[in-house]
Every structure is written in C-alpha cells, then in structure tokens.
Amino acid sequence: GFNAKGEWMYEDQYGSPTNIPTTADKQYLGSAQPLLTYGWNNTFNYKNWDLTVFLRGVLGNKLLNASRFMYTPDGTDTSTNYNFFAKDVLSGEGVNGGAVFADYNHFSDYWLEDGSYLKCDNITLGYTFKIKENKMVRSLRVYASASNLFTLTSYSGLDPEVNTSCIDYPGVDINNFYPKTGSIMFGVNVNFL
C-alpha cells in the first residue's frame, strides 16, 4: 500500500512495513511456470449429430501484469494516463530531481496476478445426412465450428496466455501482442462413393 506521504510501502524481511526495501527484503512470490498444464478433447455422437469440444488451460502460475504496472495512474499525477515510472522512462528523468525511480524501482506483489486459465479452443457441431439413393454421394455433413470461444480467468490483463518459456522475461505480460480473436466457420463435408 501507501504511507501518509503517498509513498509505496513494502514488507521487509522481518514482516514490518518499509518504503525503502533492500535486497535482503526480497521474497519468493511464485513462479511463471504452471504447476499443471492440461487439455481435454472429446467427441460426442448422438444419432446423426456430432459435437467436438477442445478445452485447455494451466493452473498455479503467477504473471506480472506489466501493462497495469505501466499504465495505472499512481494517484499523484492526474494530467497523464501513465504513472511516474513510465513518465520517467520516456522522459529520461528520475523522480525527485533525478533520483533513480524513488517509488517504482521495486516490483511488488501488487502487480502479480494468478495466471491460471481455462480456454475453449474449439467447439464443432455437425449433422450428417445419410443419402441412400444416390450413385455418387454416400453422405453429406454440415457443421459449424467456433474457435477461441471463451477464456475463464481471474487475470485482469488482455490474455493470461503469455510467454512463460522465454529466458528474459518469463511470465511478464509486456503488452506487445495483439489479442487472439475468435472465429466462427461453417462448412460442408461430402463423402463420395
């Protein structure tokens, strides 16, 4: 949180609040690597209907929401839509007359979020027409398929599926991608004799 002067407060190695944390105060807060990566693909059939569902997700990882970190106003500057850290980086100046980012030089769990999610990658619903009296076509199937249908997550960023395997910044949402789009497709399958 903040103290009465509006300075960021951190927990030191003894559990007490401080506005000037040291290296000794660092704590392990989680990993960008998920504890579990899972997927489920199944096809259901009922008479001439078929339904295929593919779900996947991860559990137990932490993400640093750098987008929120960079663009959330800190309450002391209402003239811009970005905080002091971003402003100082862009201008080349430091807070407090050239000091090295007095309040924003330390990451905290304030910007750390649960990266668990469940995504519906694809749902396909089809109906097959059996054609008996045709010498060329045995069956005809019509279907509708929806991709990237929904994401269930508590993560407040655009997409919890950020790179967790890179060397430089694993698990950091650095807002350098276009969000995944959903799509709906209709099609026909013809089975010839």
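Start by selecting valine 188, which lies in strand β9; strands are DSSP runs of E of at least two residues, and helices are runs of H or I of at least four, numbered from the N terminus. This is a predicted model, in which local features need pLDDT of at least 70, side-chain atom pairs count only at pLDDT 80 or more, and totals for chains, interfaces and linings use all residues. Residues are numbered from 1 along each chain as its sequence is written, and side-chain values use heavy atoms, without hydrogens and water.

Valine 188 has a relative accessible area of 53%, so it counts as exposed (over 50%; buried is under 20%, partly exposed in between, with a 1.4 Å probe and protein chains only).

Next, zoom out. The protein chain has three helices and nine strands, in the order β-β-β-β-β-α-α-α-β-β-β-β from the N terminus. Of its 193 residues, 30% are buried.

Now select aspartate 50 and arginine 141. Their side chains form a salt bridge, 2.8 Å from N to O (a side-chain nitrogen of Lys or Arg within 4 Å of a carboxyl oxygen of Asp or Glu). Aspartate 50 is in strand β4 and arginine 141 in strand β8, 91 residues apart. Both residues are buried.

Move on to glutamate 161, whose side chain meets that of arginine 56 in a salt bridge of 3.1 Å, N to O. Glutamate 161 sits in the loop between β8 and β9, and arginine 56 in strand β4. Arginine 56 counts as buried because its relative accessibility is 19%.
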